[in-house]
Amino acid sequence: MLTPQVRPLFPWPRAWFFAGAALLGIAAHNVAAESANPANLEQTARQHYLRGRYAEAADAYQRLAATRPAEAALGLSRALFGQGRIAQGVQILQGAIDSFPIEAPAVEVQKIHRDASDQRPSRSLAVDLLADLHAELAWRQFESGDYVAADAASAAALARSPDHLLARWVQAERLRVQGKLDEADQAYAWFVPFYNQKQLRITRAEDIRWIALAAAQSARWQNRPGDFRFIVNRLLPKALELEADYWPAHYEAGRLFSEKYNQAEASRSFAAALQINPQSAETHAAVAALALQHYDLDGASRSLIRALEIHPRLTQAHALWADWHIANFDRDAALARLHKAVDCNPADESVLGRLLAFRLMEAGEPTEEPDYARRLDTPGAIMAATAAQLIAAVETRNAAPGEFYFAAAVQLDDARRFDLAERYYQLAAKKMPRLAGPQSALGLMLMRLGREDEARQALEASFASDPFHVRVANTLQVLDVLDTYQKLETEHFIFRYDARDALLARSAARYLERDVYPQLCRQFGFEPPGKTLIEIFHHAKNTPGHGWFSARMVGLPYLGTVGACAGRVVGMVSPDAMPSPFHWARVLKHEFVHILNLQQTAFHVPHWFTEALAVMNEGDPRPEGWNRLLARRYRAGTHFKLDEINLGFIRPHTSDDWTLAYCQAEIYAEYMLHRFGKDAIARLLAGFADQPDTATAIYRAFAIDQADFERGYEAFLEDLVAKIQLAPETSSEQSFVELERALQSEPENAQRLAEMAAVQFAREQFAEARKFAEAAIAAAARQAKTRPPAERTAVARVPLASYVLARTRLLIGDDDEALQLLEQALDDAAPHPEVLSLLAQLRQRGNDPAGAEKLYVLARRNWPHEARWSKALAALYLAQQEEAKLAEPLEHLAGLEVDNAVIRKKLAQLALKRRDFAQAVRWAESTLHIDVNDAQMQRFAAVAYTFAGRHEDAAFAYAAAVELKPTEPAWQLEWAKSLRRAGQYEQARRVLVKLLERDPQYPGAKELLDLGSSEP
Ligand SMILES: [Zn+2]
């Protein structure tokens, strides 16, 4: 492949060069004119190259060949490499080397480089063109995984020029990928004193790049994180001083920033590189990598498409595409991309590591003996290899393949195969202790698994060598905060919490152990083998509770929820640390469903399914907003299909997407129960027991394919959406201009006129509003006359117009006319929501509560999924003091407003009043599940428990009430009594002693104490 076409004699005839050029499709030019000033021509060619104008660069270099053949070959090959035309580039270099006059000496470049400080001229380093050609060849061959050729080429370069920087860089890299780490370390370190001694003589921007790369590697391995600052702030900018268009300086700075998690600076550097050279495929790939880190799949795909359009053989871009497909749950597409990456570079350990992860996930840990003799010398053989074969092939080549195992571990971790990931992180760290990545990733993973002590060890080890790692640094801070936390251990849970959340933790423990654990474990037929860790975060060290919670769960402060589950750990913000309270008990139950589902399926359960079960188990009706969103998206045909719904959780485009994903997931669960029976959930969970593929699981569970499953769901959904009863949303969407246009073409359209009236009213153009409303009613009346008598009343009715007109009447205090207008406009069989609502308000105001009630009841029958009618009814009953009727609309509201403590409190009070103790207990508990620190409610709950005969619970609630409000001696006495009723005489005695210490005369206390353990 690499044989040059023609063996030229010195001086080089243009023949071979043009043969090559023609092969590459480059037009031959008349070179005579330009050869007069080769320096200018070289400059032009170089500029084209650096600016990404590869065809123009090739063209100019080709013209340079007559006078400066070696420089021309070097430049042309780079222009070709920039476009991914690797074989041709290599061919050009090889041809130039073969025809180079061996005796040609290195030349001292005559440029004078001045030392800025003392203005003394200093000589540049010698330039040896033949060494340059060899070195360039070595680098490209290294990047293609052709290590044998790369070794020969770098050796040839160094034989001519022992300090050749690129050749030295390739040599160091070769030592690294052979696992000769100490030698590699020395080889990288060599660059640092070289630079310190010779910096004034370096005139080529490229040379600065190799020094920067080696210095960065040396800084990583020798644990000198401070050096990075020098490299990006001082060293790389020098390359730009030497050559302003040298974009690789920006590119390398961007990569270092990206490595140090400085996304802003990384983006800036990459943008600067692309500003100079928009055709830099490497930079587009680096931008894609950054986007992938932040789950910006659209951005990543745009950059990757661009990168590969320019350079179709960029290994890294193909590897990143594989990651992209994995993030999209498309295993086959990911493997196809890895095949392409292997084809570009069959030795790239980051690619082979990804492949190893696939093989491990399919077949588990290799059990066979590694066959070190077997060669994997084609991309096909590599793709077909087992895990053991891959490992053998890589280990044969590299004694310390830490990067190989690390790449595998990262992918295993992403796929939630934590057992395997842990082993390969450890293997990576063991094989290559210089690598900080495996320790930090392992530490973060162990945090998710709740193994905090081991996590701290790994994180501290990684922090020492990589203090820039934001997630590691944040997580170590979380561990410091957790050190100050209290601990409560129960039979199945361990709680960690701030002292301010002690009552919350006690209540949560009671709730989870008693109400949640037995129920859910029975439902799912599974008990987790170990205790579940539950951590509750409050404000600390000037950081809000939510910040700590988020840092605990993901290492970063952006989590959009108040609770989260990481497989064995549940994290939650303290409701006390949030601006508005939330139903913490519901959140904990939801997260515990995930704990069970994840563990019982060895983390195979897909997002949509466990969310379905979590939401279903919350047990509340779908909130009005969910129904509205579902109906809208269903009608627009933009609801999720099963294949897309996971993305709605992981990477929602809008917050609506996120909500819809939860909503639709829950409906999947309902649908399965409906279609496949009571055990449907357990069957599907079993389908995920040993594999993550949804189609496979569905087939195993229900013996149908996914398409059939989906068809059934669509039908179920259609039915369900048809039953959602919500009043149509008032069309505020329509713009004034649109309406005007519509009215110009249809001036007699009564509905449009009414809509215009509504828009005018909203704009406070009341006279106009009235004009349009009247016009609408008049137009409708005219149309009615043309209809048969039976239809006339219906046609003449324009409720929206009447409504607007009524409101204009109300503005001038004409309640009677407004009332009349609305009564005429109301159609009992198909009421208009605004007409009904306004009419009901007027009746209520006009002392006709029964009339108002009738309307609200009618509205509730028509639109049962809306909260507003229950709210209105409740307000009406409250105003009329009709407590007997109040509970019903409030209960409806409580279901729709899950975080509303006020409604629940009222319900509890109403229940107690009517001596319905079970309901009183239910609503009291529900209130405390939102606000556990409400002392009055704790005491109320205690009373309700007492009436319900639940004395032990009563004592628990009294303890909480007294803790929250120690200044109520009456509560203490009640507490003591309930303790006695629960048979806890000793505790009762202690409470009474305490009460009497404060108030020796407190009535009844002494008498109760004197009773001892005897019944009163
Ligand atoms: Zn969830």
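**Zinc site and salt bridges**

Histidine 594 and glutamate 611 are both buried. The model is predicted. Both residues belong to the zinc site, where the protein donors are His590 (NE2), His594 (NE2), Glu611 (OE) and Glu611 (OE). These atoms lie 2.1 to 2.5 Å from the ion. The donor residues follow the spacing H-x3-H-x16-E. Histidine 594 sits in helix H29 (residues 584-600), and glutamate 611 in helix H30 (residues 607-618). The pair is 17 residues apart and links distant parts of the chain. The four donor atoms subtend angles of 56 to 146° around the zinc ion, so the arrangement is irregular.

The structure contains 87 salt bridges. One of them joins arginine 675 to aspartate 708, with the closest N and O atoms 3.0 Å apart. Arginine 675 lies in helix H33 (residues 655-676) and aspartate 708 in helix H36 (residues 706-722), so the bridge ties together parts 33 residues apart in sequence. Arginine 675 is partly exposed at 33% relative accessibility. Aspartate 708 is also partly exposed, at 22%.

Arginine 843 pairs with glutamate 823 in a salt bridge, the closest N and O atoms being 3.2 Å apart. This pair links helix H43 (residues 833-845), which holds arginine 843, with helix H42 (residues 815-825), which holds glutamate 823. Arginine 843 is buried at 15% relative accessibility, whereas glutamate 823 is partly exposed at 39%.

Within helix H19 (residues 349-363), glutamate 362 and arginine 359 are three residues apart, so about one helical turn separates them. Their salt bridge has its closest N and O atoms 3.1 Å apart. Glutamate 362 is partly exposed at 41% relative accessibility. Arginine 359 is buried at 13%.

Terms used
Residues are numbered from 1 along each chain as its sequence is written. This is a predicted model: local features need pLDDT of at least 70, side-chain atom pairs count only at pLDDT 80 or more; totals for chains, interfaces and linings use all residues. Side-chain values use heavy atoms; hydrogens and water are left out. Donors are N, O and S atoms within 2.8 Å of the metal (3.2 Å for Na, K and Ca); water is not among the atoms, so sites may look incomplete. Four donors count as tetrahedral if all angles lie between 85 and 135 degrees; four count as square planar and six as octahedral if opposite donors are over 155 degrees apart and all others between 65 and 115; anything else is irregular. Helices (H or I, at least four residues) and strands (E, at least two) are DSSP runs, numbered from the N terminus. Buried means under 20% relative accessible area, exposed over 50%, partly exposed in between (1.4 Å probe, protein chains only). A salt bridge is a side-chain nitrogen of Lys or Arg within 4 Å of a carboxyl oxygen of Asp or Glu.
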